[in-house]
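Please look at the sequence and the model first.

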Amino acid sequence: MANWSAENAKKAYLQALKMAKRGKEPDVAEFISAIAAGNNAQLMMVSSAGVAGSATLALAAAAHQTNGRVVCICCDQIESDASRKALGVHGDRVEFVVGDVKTLLLGEYKGADFVLVDCDITNAKEVFLAAFKGANKNGAIVVGYNVKHKVSRWRQLKASFLPIGEGLLVAKIDPNIVKVNDDKVVQRKSRWIVQVDKCTGEEHIFRVTSPDREMQIEV
């Protein structure tokens, strides 16, 4: 992902606020929009537990700033049509696909750099793992919303919890130190070593990675 853009974040935040028509009352959607736009996300995926709503609108606002794509994954055509209708004029900014979320994240849409997951869906754990596995090689961000009382179940994901709305989880993926095996996230700890050439005085920097350490994601 590109470097953080405060300007994109601010504009997306205000755009999402305007699209939601809440006046000056911010909600979780505006923060989602700012996170996606600030990180210059280009391929944004969203999976909701039902008809698309403010969270999908948030990504549409972010895409407006980054010139990225927003893909909303629906379980069937009925949900897809209802979601498009619910978003109104903003539905034209979103691509709707029907299929299995995990399959799409690991297949046709592998390489997404921003994945938004409704924690109310029944297979949230599997979707998060699929997002990790299919993450963009340059890094990605996975965000969960509607966390509510399920916070303790996500602690080992090492995500940051934000008490906004019904709860927001933000996990930044660095493929250089994280990989996924089956139902586990394996994190490699690393440290930097600086070695000085006694003859030339040049500094050589090495990154040393320790053996894999497993973290169980429980949902």
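Strands β6 and β7 form a hairpin with 5 residues between them. In the turn, G165 has a positive phi of about 60°. This is a predicted model: local features need pLDDT of at least 70, side-chain atom pairs count only at pLDDT 80 or more, and totals for chains, interfaces and linings use all residues. Residues are numbered from 1 along each chain as its sequence is written, and side-chain values use heavy atoms, with hydrogens and water left out.

**Pairing**

- Helices (H or I, at least four residues) and strands (E, at least two) are DSSP runs, numbered from the N terminus.
- Two strands pair if DSSP finds at least two bridges between them.
- β6 (residues 160-162) runs antiparallel to β7, joined by 3 bridges.
- β5 (residues 140-145) also pairs with β7 in the antiparallel sense, over 6 bridges.
- V170 in β7 stands opposite S160, and V143 stands opposite V170 too.

**Burial**

- β7 (residues 168-173) is mostly covered, with 5 of its 6 residues buried.
- Buried means under 20% relative accessible area, exposed over 50%, and partly exposed in between (1.4 Å probe, protein chains only).

**Cysteines**

- A disulfide here is a pair of cysteine sulfur atoms within 2.5 Å.
- By this rule the count is 0 disulfides.
- C75 is in no disulfide: the nearest cysteine sulfur, that of C74, is 7.1 Å away.
- C75 is exposed, at a relative accessible area of 53%.
- C119 is buried, at a relative accessible area of 4%.
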